[in-house]
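Here are my notes on the model, as numbered points. Please read them with the structure open.

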Amino acid sequence: MAGRHKPNRRRSLVRGGLAAAVALAAAGGTLPFLLSNAHAETPSLTIPAPDRFEPVANPVYGAGPGGVVERTEVKDASALGYYRWTPDGGTPVDLPASSPYDDINSIDGGGGSHVSVTSGDVVAIYDRPTGLLLKDMKSGTTTKYTLPDGHFYRGVFGSYVLTATRDADGNEDVLHVLRMADGQLTDTLVTGLNGWVAEDGMTLGGDDRSVAIWYAHPDGTRGVGLLDLATAEVTPVLPGATGANARVVFSDGYLAWYSPEGGNTTARVLPRATPEAADTKIELGSGGEGTPRLGLVGDWLLTTRQYEQSESDFLVRQGAPLTALPIAGGEPRTLLEHAGRRMAQVPGGGVAVTGGASAQDWAVRRVSVGDDGAPALRTVREVAPKEGNLSRLSLTAGHLVTAESDTTYLPALFQRQITLGAAPSPGERSLLARPDAQTTGETAQRLYDHRRPVGTGDGRTVVASTDASGDQILVVLAADGTKTVVPAVDPQTGEKMPTGSDHYSEVRSASGRYVVFGDSGRGLDDRQYVVDLDASGGAKVLRVRQGQGGLAVWGTKLWMPGDTEGTLQAVDLKTGETTATDPITYNGCLPQHLQAVGPWLYWDCYPSGSISDGHGIYNTQTQQSSYAPRGTLGDGYVVAYDGDRGRLDLTPVGDAPRTIEAFTFQYAYPIVEADRFGGAVAYAKEKSAQITVVDSGVPTSPVAEIESRVDKSVDLKSAADSVWDADWQLSKPVTDARVTVRNKAGRTVFTGAAEEYAAAVSFSWNGRTGDGRYVIDGSYTWELTGTPVDGSGGALKATGTVAFTGGQGTR
């Protein structure tokens, strides 16, 4: 027998009435769903959207004693909003600065604005055409500066404005210190180095006392100098230090420099009181990704890193740790597990940074010196996580699987078991499948990205994707995450499914052990693969269909277009027997898309077209055809989105449509899935990952065994396999499943509970009766019974025979 496929948890998807609505309302849930024209309210469940894995971008550009300058990622796009001042414990105030979609904060105002905190709670805002504003956020006063003609902005530091003008050769390397005094703007030329030339991008950092300048001597040597704003003189402090991509931070006690140029991993720290003294070198390490960023608090150097992601790397990171390194030497301390890429020195002492343990713990925080002299954290304002994105979903026998693109570090699949009825429950959400964090390459990292998961009805989930070589594959996932890969290879010829934009593989149909995946069936070169997940020796492709026409599987029957125009035919995948229908399609058209659920077959000749009568429903039991809207087939109904009216409709076969929910606005089609092995519908709307699960309100078909693998004979003395194994695939879940074994006289020799999982049941028996003795050799009748979980239709009953040898008669 093939191995079982049992999920870790089993909860049934049950159906109820008005009591479900009352229970959900009492639990604080929501009830967005009422079927119009229904006799009673039908149970529903709203599942909130999961949080995005990556924390909300909230870079800090400056900080004063009473607040911070920040920008927060906007709600509906991955962009940053306006600069704003957020006072500690107060309401954010937008600043009069432009809102570029990047994080440049350019010092020359090119392409955006430069915003900084100069001293106290005074914010400096430079916008190239509009000039310079100084806003005192505590008093509310604003001072406007108009720079002299020919001056280029290089920063505001306390009450000083640093500018540059061109030299005789046209280079912007002549520095000026401007200061407003008695209503007059004074201009002092920077001096201090004989023959030095200020490099472009010269301003490396500063505070209200000093500015770090990158300079070059005529002999070609470079270094970092310290500009004293009061005297407008520059003194070399770090000869040989580069200014390329360098930053210098200042505190009352120290200044610290770092540049990543040339693979440098060392920061250099100088005492503020004696900058001419030898520097202290602090190793930042080369083991981490990204470029180190620095801050200073007391006698500690703070570091985090700014990740520089390559175009081929899609791994999402939450931010590097915020680490405190003692300047005098000693063990480092981790202050935050993750931090944003920007830190802001607070005039007068301390650092402001955004970070936390995860997106749910993200906050603007201040780092200051604690009573013990070590850095201490204080939360200023929490930053709420952003809603994650849902790309696809599957609902099968109550097993909800969601394909989520950004709720973990790589696109992944999550699962939960849904319960409706008197006590609606979303179940516990758990990870089903995700690439390893060390995985590289776009194909491997995006294995589950926007890929449609499909439940098989027995607890497994299948996904069509591509492997590292770009070949099409079927990924088979057990509920515990165990993965099996089936290549899309023709078993007769060994030919692989073509790749490229014209061949996008997707799971087209699944029922228990049988799966159809591959092309859409709309093109002459399209290929669709039929897989037996429980074939002897492992999952394998049974057959391939090339050309136009859709395939669908239910139980053991594979449905496809027939040999005569307008007909369908079914091949029994176990026996090979073929049956055909009469012509049923519109004008004999070829169905390019098929769906099968129970006795129902949905066909569509123009799945991507606008022809309104090229699709319908066929009842395989009554041989009757019915019109149905273009949509998703459930057990006795079709769910379809009406884009013109902005509503999701459910149409019972042969009945009028009912509105599930009218949406607030029209947009691209919602994500909708009907539970083929139950009576529920799941959907996500209005670009939200929030999911609504609702009972269809349509009675489901009677529960039936649609495929089974039952041992016909067992040798109880066998050393290899002495156990009777039986597996049944059902059309929907049951509860209280039991197997009874009777002898030829009809007397019960054993009865036991069967294991239920999804819409499947399994049973194993070692041949021993209640008194511990083996059964007598011979033929026995078994009977499987169970009660439909949804309460619709009669009880399950399936029977068969099994022969035992090696029992009492031979022992």
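1. Salt bridges, overall. The structure holds 37 salt bridges. The criterion is a side-chain nitrogen of Lys or Arg within 4 Å of a carboxyl oxygen of Asp or Glu. Bear in mind that this is a predicted model: local features need pLDDT of at least 70, side-chain atom pairs count only at pLDDT 80 or more, and totals for chains, interfaces and linings use all residues. Residues are numbered from 1 along each chain as its sequence is written, and side-chain values use heavy atoms, with hydrogens and water left out.

2. Arg-84 and Glu-70. These side chains meet in a salt bridge at 3.4 Å, N to O. The pair links distant parts of the chain: Arg-84 sits in strand β4 (residues 84-87) and Glu-70 in strand β3 (residues 67-70), 14 residues apart. Strands (E, at least two residues) and helices (H or I, at least four) are DSSP runs, numbered from the N terminus. Arg-84 is buried at 18% relative accessible area. Glu-70 is buried too, at 0%. Here buried means under 20% relative accessible area, exposed over 50%, and partly exposed in between, with a 1.4 Å probe and protein chains only.

3. Asp-471 and Lys-496. The closest N and O atoms of this salt bridge are 2.9 Å apart. Asp-471 lies in the loop between β35 (461-466) and β36 (472-477), and Lys-496 in the loop between β37 (483-487) and β38 (506-511), so the pair ties together parts that are 25 residues apart in sequence. Asp-471 is buried, at 18% relative accessible area. Lys-496 is partly exposed, at 46%.

4. β36 and β37 pair in the antiparallel sense over five bridges. Two strands count as paired if DSSP finds at least two bridges between them. Leu-474 has Val-486 in β37 as its bridge partner. Five residues lie between the two strands of this hairpin, and Gly-481 in the turn has a positive phi of about 90 degrees.

5. Lys-574 and Glu-707. Which parts of the chain does this pair link? The salt bridge has its closest N and O atoms 2.8 Å apart. Lys-574 is in the loop between β44 (568-572) and β45 (578-580), while Glu-707 is in strand β57 (residues 705-710), 133 residues apart. Lys-574 is partly exposed, with a relative accessible area of 42%. Glu-707 is buried, at 4%. Both belong to a network of salt bridges that also links Asp-458, Arg-460, Arg-513, Asp-532, Asp-534 and Arg-709.

6. Strand β56. Is β56 (residues 691-695) mostly covered or mostly open? Mostly covered: five of its five residues are buried. Ile-691, Val-693 and Asp-695 point one way, and Thr-692 and Val-694 the other. Strand β1 (residues 44-47) pairs with β56 in the antiparallel sense over four bridges. Ile-47 stands opposite Ile-691 there. Strand β55 (residues 680-684) also runs antiparallel to β56, joined by five bridges. Ala-682 has Val-693 as its bridge partner. The β55-β56 hairpin has six residues between the strands, and Glu-686 takes a positive phi near 50 degrees.

7. An open sheet. Four strands form it, in the order β50-β51-β52-β53, with antiparallel pairing. The edge strands are β50 (632-634) and β53 (658-662), each of which pairs on one side only. Neighbouring strands are turned by 25 degrees against each other on average, direction ignored. Three bridges join β50 to β51 (residues 637-642). Gly-634 stands opposite Tyr-637 in β51.

8. Overall shape. The protein chain has two helices and 65 strands. Its radius of gyration is 35 Å, well over the 28 Å that the globule rule gives for 811 residues, so the chain is more spread out than a compact globule. That radius is taken over C-alpha atoms, and the rule is 2.2 Å times the number of residues to the power 0.38. The C-alpha trace spans about 110 × 65 × 60 Å along its principal axes. Of the 811 residues, 55% count as buried.

9. Domains and annotation. The chain is divided into domain 1 (121-237) and domain 2 (705-805), with bounds from an automatic or database domain assignment. Their centres, taken over C-alpha atoms, are 87 Å apart. UniProt lists residues 726-787 as "domain: FlgD/Vpr Ig-like", in an unreviewed entry. Such annotations may be inferred rather than shown by experiment. Over residues 726-787 the model is 0% helix and 63% strand, with the end C-alpha atoms 18 Å apart.

Key
Axes fitted to C-alpha atoms, helices over the stretch in contact; angles between N-to-C directions.
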